[in-house]
Amino acid sequence: RKDLLELALKYYEQFIAERADDPLLQADLAEATMRVGRITREIGSREEALKTVQLALSMYRKLVGECPDVLDYQDRLAAGYNSLRALQRAMGRPDEALVSCQKAIDIQKKLVAGNSDVLEYQARLAGSYMNLGLLQGETGKGDEALVSSQKAIDIREKLVAGNPDVLEYQAGLAVSYSNLGTLLQEDLRTRDEAVPFFQKAI
């Protein structure tokens with residue numbers, strides 16, 4: 001797998017070097033830069049990965065500013081903040097990861113509010129709320145973690161109810177139930193409330 005990632009890294013680095021000045025390819029360049037950051041996280045320096053992901057985010061922010069009606073740029077910017085969140089968490093920077101996760105959520109909430117028919121926006125927002133809950137739990141914000149986890153469940157329950165044949169939505173809901181059960185179990189005040197959520201997850 002490492003060999004494949006190294007080949008991919010070389011491809012994206014070459015793509016960026018050859019097309020950096022092409023104004024028509026800025027979205028592709030931002031995506032290629034983000035992929036370089038993700039691959040570097042896997043096989044290289046996390047500090048270098050952090051710089052690259054932040055560069056990609058700056059490119060996406062510029063695209064969103066110039067083309068505010070292109071929803072794909074907003075969606076990718078939110079995904080980029082989630083990539084940054086995951087990297088910051090892996091580097092032991094949970095407070096920074098919380099900020100990045102919240103930025104992703106702020107973007108995704110707007111996407112959902114303006115495009116209620118796009119179910120994938122809802123699914124991604126639920127995923128971000130779940131990640132936020134996990135981070136809040138890890139940083140001692142137990143009550144906030146419960147609220148965020150419940151928000152993820154609320155969204156995913158509606159997705160499953162409206163789309164019972166989509167297995168991805170069912171799997172996401174099961175994970176959210178399990179995560180909420182874990183949070184409840186870790187708090188002595190709510191330990192007895194955990195069991196029903198573990199049962200729902202099965």
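The chain of this predicted model averages a pLDDT of 90, and 94% of the residues score at least 70. pLDDT is the predictor's confidence in each residue, from 0 to 100. Where pLDDT is low, the predicted coordinates should not be read in detail. Helices here are DSSP runs (H or I, at least four residues), numbered from the N terminus.

Residues are numbered from 1 along each chain as its sequence is written. Local features need pLDDT of at least 70, side-chain atom pairs count only at pLDDT 80 or more, totals for chains, interfaces and linings use all residues, and side-chain values use heavy atoms, without hydrogens and water.

Start at Lys-2. This residue lies in helix α1 (residues 2-19). Lys-2 counts as partly exposed because its relative accessibility is 49% (from 20% to 50%, with a 1.4 Å probe and protein chains only). Ile-39 is 37 residues away along the chain, with 9.4 Å between the two C-alpha atoms.

Now turn to a helix pair. The axes of α7 (residues 142-162) and α8 (residues 167-186) come within 9 Å and cross at roughly 155°. That makes α7 roughly antiparallel to α8 (an angle over 145 degrees, taken between N-to-C directions on a scale from 0 to 180). The residues of their contact (heavy atoms within 4.5 Å) divide into 12 nonpolar, 5 polar and 2 charged. Among them, Leu-146 and Ile-153 belong to α7, while Leu-173 and Leu-180 belong to α8.

Conventions. Helices (H or I, at least four residues) and strands (E, at least two) are DSSP runs, numbered from the N terminus. Angles under 35 degrees count as roughly parallel, over 145 as roughly antiparallel, 65 to 115 as roughly perpendicular and the rest as oblique. Ala, Val, Leu, Ile, Met, Phe, Trp, Tyr, Cys and Pro count as nonpolar, Asp, Glu, Lys and Arg as charged, and the others, Gly among them, as polar.
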